[in-house]
Amino acid sequence: MVGNRSSTKGRQRKVTAREERYILRVLSNSPKSLRKVQGELDLNVCKSTIRNVMKGSGIIVRQKMVKVLEMMPHHKTTRLCPTVYLKSFKPMLTKLPLSFSLF
């Protein structure tokens, strides 16, 4: 009889559906390697299992990182010392009309 057979056959899965979702959530925001992510997950699985979950989902795919220009020295000072940036634009702010309103 076919109805009496167990629905679970074969080798048991190492990760549950909940653990798979957790792995994908951690991996989706991480540019780290699988080995580093494996240490963060606190799951008793090897990195190939994590890779199989990632590949099987189809959600996370490898992408080449976009190169950006290096920051110029004046950009660095602006980021580190915003008061210098604001002082350079102070004359511009004083030229606004007195009746200026946003509403």
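Me: Which helices each supply at least two residues of the lining of the largest pocket?
Reply: This is a predicted model, in which local features need pLDDT of at least 70 and side-chain atom pairs count only at pLDDT 80 or more, while totals for chains, interfaces and linings use all residues. Residues are numbered from 1 along each chain as its sequence is written, and side-chain values use heavy atoms, with hydrogens and water left out. A pocket here is an open set of points on a 1 Å grid over the protein atoms alone, where a 1.4 Å probe fits and protein lies on both sides within 12 Å along at least five of seven lines, and a lining residue has an atom within 4 Å of a point. With helices taken as DSSP runs of H or I, at least four residues long and numbered from the N terminus, the two elements are α1 (17-28) and α3 (47-57).

Me: Which element gives the largest share of the lining of the largest pocket?
Reply: The lining of the largest pocket is made of 16 residues, and Ser30, Ile60, Val61, Arg62 and Gln63 lie nearest the centre. The largest share of this lining amounts to three residues, and the element that supplies them is α3.

Me: Which element gives the largest share of the lining of the second largest pocket?
Reply: Lining the second largest pocket are ten names: Arg13, Lys14, Val15, Glu20, Leu24, Thr49, Asn52, Val53, Gly56 and Ser57. Two or more of these residues come from each of α1 and α3. The largest share, five residues, belongs to α3.

Me: Is Thr49 buried or exposed?
Reply: Thr49 is part of helix α3 and is among the residues lining the second largest pocket. Buried means under 20% relative accessible area, exposed over 50% and partly exposed in between, with a 1.4 Å probe and protein chains only. Because the relative accessibility of Thr49 is 16%, this residue counts as buried.

Me: Which residue forms a salt bridge with Glu20?
Reply: Side chains of opposite charge can pair when their charged atoms come close. A salt bridge is counted when a side-chain nitrogen of Lys or Arg lies within 4 Å of a carboxyl oxygen of Asp or Glu, and that rule gives a count of one. For Glu20 the closest N and O atoms are 2.2 Å apart, and the partner is Arg13.

Me: What is the relative accessible area of Arg13?
Reply: Glu20, the salt-bridge partner of Arg13, is partly exposed at 23% relative accessibility. Arg13, by contrast, counts as exposed, because the relative accessible area is 62%.
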